[in-house]
Structure formats: structure tokens, C-alpha cells
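Have a look at the rings and the charged groups, then read on.

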Amino acid sequence: MKQKFLAAAVQMVSGSDVTANLQRAAHWVAEAAGKGARLVVLPEYFCLMGRQETDKVAVCEAYGDGPIQSALARMAQENGVWLAAGTVPLRSPEPQRVLNTTLLFDPDGEVRARYDKIHLFGFSGLGESYCESNTIRPGEQPVKADLGFAEMAFGICYDLRFPELFRQLSPYDLMILPAAFTATTGEAHWEPLLRARAIENQSYVLASAQGGEHDNGRKTHGHSMIIDPWGRVLAEIDKGEGVILAEIDPTLIQSVRTRLPALAHRVLA
């Protein structure tokens, strides 16, 4: 029988200095571990919110090698936690584009899973314009990982809008979603989409966000959340940096799925 454990979502307001961002991430990972977290999740772009979209291409690393990945391995090892590292820019076959990747480190600092973001954000309106596909190559493979004490599905930011991704991976205990939702789209859609993913997959959702005004002028929504399988928000932070924790209870997951066996009632694939 799986046991209860504490999971933590870190919220950051990352800037254009990779070293400073890594120092802030290390601070929050240590704080989460000090409060008993067994799993810690960093937000998307935790290591760099560049002044130009091409800045992440300039600091990208080969998978398994580089200062960002080395720093993350140390954070996991020194704190004895499973660390889902927001997103790291990894080298792709195209020199002008990177892979936007979540790496899962175990407490020994070893990478145990990798997810390359599949759905790439595009938005134009209200004075804003984003096109991630200009500098990011999309991933192709949905991913979930067995941590021993929990099965975890991966998503990143814009993936949240595509429920078929998470249904393909179901069942699992916990879905993570590192994100950097814009203030505009986040205010309208962030919470209802997160709660919907928790309810329809009858799993916990842990969403680690960027939350504030960045030195590149971009404004992100924040509101990192941990949501239970019934759709209840267990923990939330508004804007600014911080860490939230909540208990992941396998008994609750089983109770929800037994009382309302919607996953077993699926008809269409």
C-alpha cells in the first residue's frame, strides 16, 4: 500500500541571470525539503526568463551535461528529494531551437525521467505576442514516471489545454505542471483548467508557476496550486516567490475512484 507524502510547488519570478535564478531555486528547494517535502517541483523557465526569446538557445545544454543540470543534481542530492526541474533548455537537432524539458532527479541526483514539452504556446492580442515554436522544437512522447511511492504524469504549461495528453497517461496519482502562464490567459483560464484536469483524471495536480513581473517586462499569472482528486484547492500562492506544500494521500485517490468510477466508465478512447 502506498503511503502519504508531502509534495511542494515552488513559485518563482525568474530573471535573465541564470546564476541568480539557480541560487533562488536552490533556496526554495532547501526550504521545501526542510518542511518535509519528498517531491519538489520548480516552475517552467525557472533558470531563465530571457530578455529575448533566443536567450534560451544561447544557454542550452546537451542532455546530461552542463552547469544547469549539475546544479539541479546537487539540489536533489543535498536535500534528499525527488526534484522535477521546471524546464531546462536542452540542445535539439536544430541549432536555432531548443527542447523545453522537465528533468526528474532522484535523491541521489540521477535523472530518472525526461519530458520534452509537446504543445507550444502561441498567442496574439492585447499588446502581447508569443510564438514558442520560433525557438522551441516540440517533443513527441507523453511521459509518466514511477517514483516508487507514486506514479506521476508530466505536462508543461500550454499542455494544460490538451486533456487528451493526460488521458492517454491515466491512471496516475499525481500530475505535475511547471508553467509560466501569462497574466492575461492565466486570469481567465488557469484555475478552471487545473481543476478540470484533477477532476477528470481523479488525481492530484501540482502546478508550479512563474508569478510576477520579470526584468524582461513580461508579467506572469502566478497562483501555483496543489489540487486534490475531487478538485479542491489544497494550497495556493498568489504572486511573488514562495513554496507551498500539501499531502498526497493514496487513500483519497482510491476513495474517489471507488465512489465515482468515471475512469472505469470510459467508452471513447
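F149 is buried in this predicted model, with a relative accessible area of 8%. F5 counts as buried too, because its relative accessibility is 5%, under the 20% cut-off. The two rings have their centres 4.7 Å apart and their planes at 70 degrees, so they make an edge-to-face pair. F5 belongs to strand β1 (residues 5–11), while F149 is in the loop between β8 (144–146) and β9 (151–154), so this contact ties together parts that are 144 residues apart in sequence.

F149 has another partner. It forms an edge-to-face aromatic pair with W82, at 6.2 Å centre to centre and 75 degrees between the planes. Here, too, distant parts of the chain are linked: W82 sits in strand β3 (residues 82–91), 67 residues from F149. Put together, ring pairs join F5, W82 and F149 into a cluster. The count of aromatic pairs comes to 6.

Rings also meet charges here. The side chain of R114 lies over the face of Y63, 4.5 Å from the ring centre. Likewise, R259 has its charged end over the ring of W230, at 5.2 Å from the centre.

Now for the charged pairs. Side chains of opposite charge can pair when their charged atoms come close. The structure has 16 salt bridges, including these:

| Salt bridge | N to O distance |
|---|---|
| E44 and K117 | 2.9 Å |
| D215 and R51 | 3.9 Å |
| E191 and R195 | 3.8 Å |

D215 is in the loop between β11 (204–209) and β12 (225–227) and R51 is in the loop between β2 and α2, so the pair ties together parts that are 164 residues apart in sequence. D215 counts as partly exposed, at 39% relative accessibility.

E191 and R195 are another story: they sit 4 residues apart in helix α5 (residues 183–201), so about one helical turn separates them. E191 is partly exposed at 29% relative accessibility, and R195 is partly exposed with a relative accessible area of 35%.

Key
Residues are numbered from 1 along each chain as its sequence is written. This is a predicted model: local features need pLDDT of at least 70, side-chain atom pairs count only at pLDDT 80 or more; totals for chains, interfaces and linings use all residues. Side-chain values use heavy atoms; hydrogens and water are left out. A salt bridge is a side-chain nitrogen of Lys or Arg within 4 Å of a carboxyl oxygen of Asp or Glu. Helices (H or I, at least four residues) and strands (E, at least two) are DSSP runs, numbered from the N terminus. Buried means under 20% relative accessible area, exposed over 50%, partly exposed in between (1.4 Å probe, protein chains only). Rings of Phe, Tyr and Trp (its six-membered ring) pair if their centres lie within 6.5 Å; planes under 30 degrees apart count as stacked, over 60 as edge-to-face and the rest as tilted. A charge sits over a ring if NZ of Lys or CZ of Arg is within 6 Å of the ring centre and within 35 degrees of the ring normal.
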